[in-house]
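Look at the structure below before reading on. The paragraphs that follow walk through it step by step.

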2 protein chains.
Amino acid sequence: MKLTVERLELLKTLTTVYIAIGSKTPSPALLNFKLEMEADRLVVTGSNNEMTIQSILPVRREERDIIINYELGATLISARYLLEIVRKLDSKIITIEIIDTTIVKIRDDKSEFKLNSMRAEEYPDLDLDVQGEAIEFSAEDFKRIVAQTAFAASTKESSPIITAINVKADGDMLDFSATDRFRLAKKKYQCAESHRIEANIPTKTIVEVSKLLDGGVIRVVIAENKVVFIYEGTKVFSRLIGGEFPNTNRMIPSTFANVLKINAAKFIEAMQRVSLLVTETESIVKLTLTEDEVVVSSRSEQVGSAEEHIELFEYNGNPFTISFNVNYVIEAIKAAMSEDVVLSFVGETSLFKVTSPTDESVIQIVTPVRTYY
Amino acid sequence: MKLTVERLELLKTLTTVYIAIGSKTPSPALLNFKLEMEADRLVVTGSNNEMTIQSILPVRREERDIIINYELGATLISARYLLEIVRKLDSKIITIEIIDTTIVKIRDDKSEFKLNSMRAEEYPDLDLDVQGEAIEFSAEDFKRIVAQTAFAASTKESSPIITAINVKADGDMLDFSATDRFRLAKKKYQCAESHRIEANIPTKTIVEVSKLLDGGVIRVVIAENKVVFIYEGTKVFSRLIGGEFPNTNRMIPSTFANVLKINAAKFIEAMQRVSLLVTETESIVKLTLTEDEVVVSSRSEQVGSAEEHIELFEYNGNPFTISFNVNYVIEAIKAAMSEDVVLSFVGETSLFKVTSPTDESVIQIVTPVRTYY
């Protein structure tokens with residue numbers, strides 16, 4: 001195997017595939033990129049067993065040579081070091097060449113690296129089939145769906161099922177749900193076609209995929225145990241999470257006694273300021289609503305107390321007080337992605353709803369917290 | 001005590017004094033700022049016992065009112081929370097007021113914080129005398145002296161004396177030295193007047209002081225056990241480190257067999273690239289010098305090898321090879337602060353010198369490392 005390649009094109013490909021490389025793995029082969037120089041393209045593969053990324057760098061793209069002087073072949077080469085070397089070299093083109101079965105040479109006009117390598121045959125067999133129900137999104141829509149739901153998923157590996165984002169369709173409306181049992185984010189998405197699917201996609205994977213996107217279209221292919229994201233020359237394969245996702249529809253209240261409409265940015269700033277004094281990991285803030293004013297306040301026995309009054313708002317309901325984890329409410333408000341935000345309450349101890357007054361596709365639900373002051 | 005003050009002026013003062021506040025302290029009073037509203041100024045003091053910073057905010061400066069509506073008095077108030085509150089409020093002026101002996105109110109037109117406070121009398125007595133031998137530096141000179149020496153000081157608290165920068169004068173030439181026993185940084189500085197001093201100043205303190213400077217003049221007052229830095233409205237007091245500083249002049253070789261002059265930036269880049277493969281904490285690079293070429297190389301059993309050739313250089317001497325900790329050499333070259341740099345060698349196992357070809361005031365000495373490849 002031998003190829004001379006535009007450094008920045010290779011760097012972009014390696015950086016994408018590197019997302020799948022784990023720092024620890026039971027299989028030493030998986031610390032490597034698999035490089036395969038084929039007739040008209042370089043195929044780069046990386047995997048941590050749970051997620052696999054395969055990216056294609058064509059020999060020519062739009063009348064421009066990206067790879068020249070190549071000989072077919074394949075090798076396994078340390079992902080970490082190859083990426084570092086390609087990043088740090090400063091010439092426009094570099095050459096990669098197998099010089100014997102265990103050494104690969106990487107060079108430009110000034111520098112020469114010899115990296116220990118492994119034979120391509122030592123790479124594990126990965127399931128790289130792409131069959132299943134395919135759904136297409138614009139990159140922009142996909143990023144928005146992820147930004148409005150992923151933050152609410154659990155990060156605790158002790159309940160694997162809720163570390164996933166649940167995707168469900170029975171018709172042409174897709175439902176995305178994420179919950180950590182203290183809050184719920186739900187997003188509806190109108191598809192071009194009808195689908196009948198349910199899948200629990202690892203949140204980490206879906207977030208990494210959304211970071212790769214920059215315009216264009218992404219195809220998501222859902223099979224029984226896995227999902228494949230196809231974007232430009234890159235395929236991201238991930239297992240699905242097994243088990244039954246909680247019935248989150250039961251978390252959504254339907255009749256509300258107290259409804260507040262308020263400027264999102266001003267409300268967030270006020271909550272951030274009053275929570276300055278709160279030292280615990282769970283920052284609790286109290287919201288007091290009357291016809292005349294909205295007051296956010298907090299208290300810490302050790303440090304002191306803080307309160308802030310907000311003047312511009314619309315409130316429907318009796319005087320009402322509720323306390324909550326301020327980070328949950330701030331994240332829910334941000335996910336509404338609108339200038340004003342609507343908070344709808346049932347009672348002091350009931351789940352409440354955060355929505356946009358103009359976009360019904362996204363619903364955020366938050367659990368209140370009891371306080372004793 | 002009561003004062004209404006320009007928020008950004010107070011923020012600057014508090015940020016400066018906060019440098020002296022430790023996160024852990026045996027005395028709870030030292031987690032506080034001491035605020036003293038005097039007839040024409042606010043005095044803010046912070047200390048961690050080893051370093052004390054006192055900063056003055058005048059009531060008026062250059063015909064402009066900075067503090068208005070004030071009543072004299074003093075209090076101790078949580079440094080961390082007061083700083084955070086003053087940073088996060090967004091109005092131009094704020095009011096601070098003692099409302100009883102244990103509560104201080106901080107407010108602007110929207111927000112109100114009540115912080116638990118302590119009486120000013122509970123603050124420890126600090127030695128804030130400013131007497132001793134005074135030396136004046138331009139801020140620029142002072143920053144340059146620190147940048148050329150401080151990095152070479154030891155960070156290991158097990159040998160306190162070499163965590164200091166040694167300052168010595170017997171005449172009008174000041175000598176600054178820093179060493180961690182594996183390298184030495186030495187800087188000479190021509191004073192306006194004659195001095196007779198020797199002091200071991202904690203490197204951490206001198207680095208923090210240099211970060212405060214932005215034009216103007218700094219006065220350094222050295223007494224028997226302490227040093228005071230005086231800059232604009234701020235005084236930084238620090239203990240000196242006791243004990244005898246090593247005789248570093250013995251580390252400086254005088255006759256050299258091999259002398260290399262080379263472009264500093266190109267040499268550093270080459271060393272950084274070849275050390276990419278080195279996984280150990282001490283990154284060892286080998287330098288091979290002949291009349292025709294300069295080669296930097298490295299080798300790691302596990303990963304592979306790297307080498308780079310540099311073409312533009314001047315070399316005087318026989319073919320020669322030496323290995324060293326690449327970080328030490330890169331830091332020494334950077335401290336020379338010149339386009340080209342001169343490396344002077346005695347032999348493979350001897351200390352070597354890194355200097356600027358145009359500035360004799362700064363000398364860097366580095367220990368080589370034995371390698372077996």
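How far apart do the C-alpha centres of domain 1 of chain A and domain 2 of chain A lie? They lie 30 Å apart. Before going further, note that this is a predicted model: local features need pLDDT of at least 70, side-chain atom pairs count only at pLDDT 80 or more, and totals for chains, interfaces and linings use all residues. Residues are numbered from 1 along each chain as its sequence is written, while chains are lettered from A and ligands numbered from 1 in the order in which they are written.

Start with chain A as a whole. Its C-alpha atoms fill a box of roughly 80 × 50 × 40 Å along the principal axes. Chain A has six helices and 26 strands. Helices (H or I, at least four residues) and strands (E, at least two) are DSSP runs, numbered from the N terminus. Of its 373 residues, 38% count as buried. A residue is buried if 20 or more other C-beta atoms lie within 10 Å of its own, exposed if 12 or fewer, and partly exposed in between, with C-beta atoms placed from the backbone. Contacts in chain A between residues at least 6 apart in sequence can also be sorted: 66% join residues at least 24 apart. Two residues are in contact if their C-beta atoms, placed from the backbone, lie within 7 Å.

Now the domains. Chain A is divided into domain 1 (2-122), domain 2 (133-250) and domain 3 (252-366). These bounds come from an automatic or database domain assignment. Nine residues of domain 1 of chain A are in contact with 10 residues of domain 2 of chain A. On the domain 1 side, strand β4 (residues 51-58) of chain A gives the most, with six residues. By class, that side has four nonpolar, four polar and one charged residues. Here Ala, Val, Leu, Ile, Met, Phe, Trp, Tyr, Cys and Pro count as nonpolar, Asp, Glu, Lys and Arg as charged, and the others, Gly among them, as polar.

Turn to a helix pair in chain B. The axes of helix α1 (residues 7-18) and helix α2 (residues 79-88) of chain B come within 9 Å and cross at roughly 150°. Axes are lines fitted to C-alpha atoms, for helices over the stretch in contact, and angles run from 0 to 180 degrees between N-to-C directions. From α1(B), the residues that meet α2(B) include Leu10(B), Leu11(B) and Leu14(B). Among their partners in α2(B) are Leu82(B), Leu83(B) and Val86(B). The residues of this contact divide into eight nonpolar, one polar and two charged.

Next, the backbone. Most residues other than glycine have a negative phi. Asn49(B) has a positive phi, near 75°. Asn49(B) is found in the loop between β3 (41-47) and β4 (51-58) of chain B. Met337(B) also has a positive phi, near 50°. Its place is the loop between α6 (326-336) and β24 (340-345) of chain B. Is Met337(B) buried or partly exposed? Met337(B) is partly exposed, with 15 other C-beta atoms within 10 Å.

Finally, the two copies. A rotation of 180° with 0.0 Å of shift along its axis superposes chain A on chain B (RMSD 0.0 Å). The superposition is by least squares on the C-alpha atoms of residues with pLDDT of at least 70 in both. The copies are thus related as by a two-fold rotation axis.
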